Amino acid sequence: MSRFFGFVNMMVILFLGALLVGYMNYIQKEKDELERLKLSYAADFATDAGTMELLNTGSLDMDYTDQGSFNLNPELALDTFLSVFCLNYDMQPTEENKALMKDFIPVAAVATFDGYYVAQHTLVRNGGGPYPETGASDSDWDLAFGMKLPYTYERSGDTSKTYALNMGLDYSLVLQDGSLTKLAGLPPNETGAAMSRIEARKYINDRISQHMAYVIDETNRTSPYWHNRFFIPSQLTNIRGVNPIEGPSFIVLVQGVNLASVRPISGFSVAGTRIDQARMVVAYRRPAGASMIKYYAFADQLPANYASLGIALDEMFTTPRDAAEQGYYYDAIMNPSYPNVP
Amino acid sequence: MTDLFNKILGVLLAFVLLAGAPLVINTLSKDLSMNRNVLNEMTNLIDVVCDSGRLTDDQLADFYLAISSHGTTMDATIKRYMKVVNPDGAGGMRTSYVYTNDNTTWNAGDIIKVTVQAVDYTGAQRLQYRMLHLSPAKFEQTLAGMVRK
């Protein structure tokens with residue numbers, strides 16, 4: 001009998017040991033998971049800020065004759081990303097801290113109207129010596145954006161022509177025999193029929209994600225632990241067929257962050273924006289009786305002879321909400337479809 | 001004699017396994033959901049401020065209540081880093097973020113930084129101390145976002 005109890009107790013002690021090991025493991029997992037969640041939030045906030053900065057550059061060089069065309073500065077986006085990312089980890093956005101954060105980003109991309117930029121770690125300064133750096137010839141590496149690369153497309157049947165797509169999808173460029181011509185509409189697809197807009201976006205998407213995947217593989221070439229594949233889904237939802245890259249976008253991969261966790265963790269974030277046409281709201285003062293009252297209306301609703309009606313224009317807004325915030329009232333007279341209250 | 005000793009030990013161990021294990025698992029999973037919930041409350045506040053460009057007293061009160069209602073008492077610090085752009089004297093410009101006391105008005109480009117710290121230890125942390133005499137770090141997380149409006 002005594003031997004039996006001894007055996008049972010030994011089993012129980014084994015179970016207890018397993019419980020403790022499981023407990024420690026669980027705590028580790030919990031910390032890890034929380035840090036992963038935090039990293040994904042941090043990357044999202046930082047890419048959002050980066051995209052915002054992209055579009056706040058003052059002059060986007062937009063033109064009414066060329067829909068969807070704009071110019072972006074990728075360096076600004078990366079700098080803002082790093083600033084916000086530093087603050088997410090409770091670090092001040094100094095040059096040194098930003099340089100530390102850059103080490104966690106193997107690749108970043110900015111997709112613009114007619115091309116994209118890819119940032120990767122490149123040799124920016126070589127201390128005079130030959131390329132494999134030694135103690136005597138020190139060299140500096142930095143995460144730097146390369147040249148703007150076009151969204152090229154070549155039909156497999158006809159390689160004499162190279163097409164360059166753009167996000168406006170209204171026209172494309174054709175390079176044939178050394179001459180560049182503008183082609184109205186989209187180029188033919190593989191079967192020879194006219195390319196659809198979804199197909200064109202897929203090519204743009206594939207182009208960026210393939211380049212990013214190449215850079216990541218190059219960066220991790222010497223790492224035996226790198227087994228992941230990288231791709232940007234060409235469709236996020238099947239309800240609206242939303243494509244992640246169909247406007248100016250900022251894509252960042254954060255890899256091997258070991259700031260707050262014991263094991264390095266990785267994250268990925270795409271932030272995109274859309275260039276849209278706004279129906280501008282015009283704010284003005286219209287005489288009503290003896291006084292002038294502040295009203296707003298859509299710019300196209302205002303009659304051409306507004307000056308003869310005594311209307312004095314003040315400002316333009318992009319949304320009625322902004323106009324109302326500045327103390328302007330909705331002008332029912334200018335809108336013929338507004339229901340007349342008896 | 002050894003039989004009695006084994007019996008007593010057996011009962012004790014059975015108690016630890018039957019009562020201790022579910023307790024450990026329960027407190028740990030509660031901790032995990034608490035941490036996630038607090039993190040979500042933080043992103044919620046940052047999103048609200050980023051999109052609306054203002055932080056009212058009501059929103060602050062709601063936030064303070066929300067972070068402390070998931071298990072332990074939490075304390076939060078909300079900092080506003082105002083974006084300042086100056087010429088750098090060499091034809092370019094330099095962006096810096098200046099910490100300001102006024103967190104009622106926000107400009108586009110400002111950064112909101114929210115730090116949440118636990119005042120109290122959680123159940124799982126206390127258990128960890130009792131069982132293994134480890135004193136794990138209290139919950140502390142920082143998140144930051146940029147104001148869009």
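## Basis of the model

This is a predicted model, in which local features need pLDDT of at least 70 and side-chain atom pairs count only at pLDDT 80 or more, while totals for chains, interfaces and linings use all residues. Residues are numbered from 1 along each chain as its sequence is written, and chains are lettered from A and ligands numbered from 1 in the order in which they are written.

## Overall form of chain B

Chain B holds three helices and four strands, where helices (H or I, at least four residues) and strands (E, at least two) are DSSP runs numbered from the N terminus. Along the sequence these elements follow the pattern α-α-β-β-β-α-β. The radius of gyration of chain B, taken over C-alpha atoms, is 24 Å, well over the 15 Å that the globule rule (2.2 Å times the number of residues to the power 0.38) gives for 149 residues, so the chain is more spread out than a compact globule.

The C-alpha trace of chain B spans about 90 × 35 × 20 Å along its principal axes. Of its 149 residues, 29% count as buried, a residue being buried if 20 or more other C-beta atoms, placed from the backbone, lie within 10 Å of its own.

## Helix α3 of chain B

In helix α3 of chain B, residues 123-132, the buried residues are B:A124, B:Q125 and B:Q128. Seen down the helix axis, these residues fall within an arc of 100° (that of the directions from the axis to the C-beta atoms), so they line one face of the helix. Just after α3(B), B:H133 takes a positive phi of about 55°.

## Two helices of chain A

Helix α1 (residues 2-55) and helix α2 (residues 74-88) of chain A pack at an angle of about 145°, with their axes 8 Å apart; axes are lines fitted to C-alpha atoms over the stretch in contact, and angles run from 0 to 180 degrees between N-to-C directions. The contact (C-beta atoms, placed from the backbone, within 7 Å) includes A:F45 and A:L54 of α1(A), and A:F81 and A:F85 of α2(A).

## Where the chains meet

In the contact between the chains, 30 residues of chain A touch 32 residues of chain B. Both α1 and α2 of chain A supply at least two residues each to the side that touches chain B, and the largest share of that side, 22 residues, comes from α1(A).

How values were computed:
A residue is buried if 20 or more other C-beta atoms lie within 10 Å of its own, exposed if 12 or fewer, and partly exposed in between; C-beta atoms are placed from the backbone. Two residues are in contact if their C-beta atoms, placed from the backbone, lie within 7 Å.
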